Amino acid sequence: MERVVVVGGGLGGLRAAESLRGRGYEGALTLVSAERHPPYDRPPLSKAVLAGESDDTTVDADWDALRCDLLLGERATGLRLDARGGVIASTAGELAFDGLVIATGAVPITLPGDGPQHVLRTVEDARDLRSRLTEGARIVIVGAGWIGAEVATTAAKKGCEVTVVEAADTPLAGALGPEVGALTAPWYAEAGVELRTGVKVAEVRDGGLVLAGGARIDADEVVVGIGVRPDLSWLDGSGLLLERGVVTDGSFRAYVGEEEPGSVRPDVVAVGDCAAWWSARYGRRLLVEHWDTALNAPDVAAASLLGQEAVYDAVPYFWSEQFGRMVQYAGNHAASERIVWRGDPSGRKWTAAWLTGDRLDAVVAVDRPRDLVQARRVIAAGEPVDAGALADPDVPVRQAVRG
């Protein structure tokens, strides 16, 4: 392999470049990024940057040591594959490769309507929104997910009049399910934020929202946090299999063809928010749009690209800081049978654990970081647990493991 191109200038793209060099790749290396900034961390955008506590989250990188041609502000527009690699069409011209890392991330979903709406994906988004969160400003946030809750937290602290509109009946219904998500609803009122659930938005108009049915919510600023979609438009017609992401095996090698089972391209890997990878642990394909995966998965992708044996099957993990609480989640509860509670879920600190039989599938911990750390290790090891011991908040999670 003599010429590798990394498309995508986020954390996943940078880590892929670093891992390639760390694993002994000596050929030409190019990173193409649509953003004008060097790679930076995104989690602080909805936290420290929005709050005004930080303005720069650039990730430290030794670009000279990486010997990487960095093409900032340039966008990939197409991909042609051949038997020996392929060519990327881009705003910087055509880029030939014999190894490709796809790390183009995701783009926010927006609402219909011609009124102004803000999303929070880039550092420019965060800085612009920050300037608008002034005391007394009427801020309407669409979506009571992770981003919506974090923006609401900061806006309320800045003295804004905050309303959060959610189509589901509870916050975080998609991420945690309605039973657990409902427990976060009182946090909004506690922070002085109006939460309106079960409300669908028709469109954004100048001056606010129009709801399904015709009612209106006036706003000085509308913030939309209803999810993201993998940024894949440049791959249309490439021959890669695309289904809610670039479909890959457990080593992040991309499939070609119209459906599985098919063949994989050993010279094309995908990582980060745009990769739909096979998890042997959960027996299903995962699309994990969180920092931890972007940080750790690229090393496996780089190994695969270089022909080295590697499989990624880490326990998914993410966190959120909202309404004065640290909320941490590990695992995947999509097929779990039941929930076991640790602590009083109406109280300040508690953990919910999802089980299938005696297998711990996932946990969400609210201000119980030790629970999260120990549970993550138990999930990774696949160790059986005693549900009765697990339900006792005074018993460490690791001691609930059956001997």
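**Helices and a parallel sheet**

Mentor: Helix α5 (residues 146-157) lies across β9, β10 and β15. Helices (H or I, at least four residues) and strands (E, at least two) are DSSP runs, numbered from the N terminus. Contact means heavy atoms within 4.5 Å. This is a predicted model: local features need pLDDT of at least 70, side-chain atom pairs count only at pLDDT 80 or more, and totals for chains, interfaces and linings use all residues. Residues are numbered from 1 along each chain as its sequence is written, and side-chain values use heavy atoms, without hydrogens or water.

Trainee: At about what angle does α5 run to β10?

Mentor: Axes are lines fitted to C-alpha atoms, for helices over the stretch in contact. Angles run from 0 to 180 degrees between N-to-C directions. For α5 and β10 the angle is about 165°.

Trainee: Which strands stand at the edges of the sheet?

Mentor: Two strands pair if DSSP finds at least two bridges between them. Four strands form an open sheet, in the order β11-β10-β9-β15, with parallel pairing. Each edge strand has a single partner, so one side of each is left without a neighbour in the sheet. The edge strands are β11 (194-197) and β15 (221-224).

Trainee: Which residue in β10 does Arg138 stand opposite?

Mentor: β9 (residues 138-142) and β10 (residues 161-166) pair in the parallel sense over five bridges. Opposite Arg138 stands Glu161.

Trainee: How many of the 15 residues of α9 are buried?

Mentor: Buried means under 20% relative accessible area, exposed over 50%, partly exposed in between (1.4 Å probe, protein chains only). Asp292 and Leu305 are among the buried ones. α9 is mostly covered, and the count is eleven.
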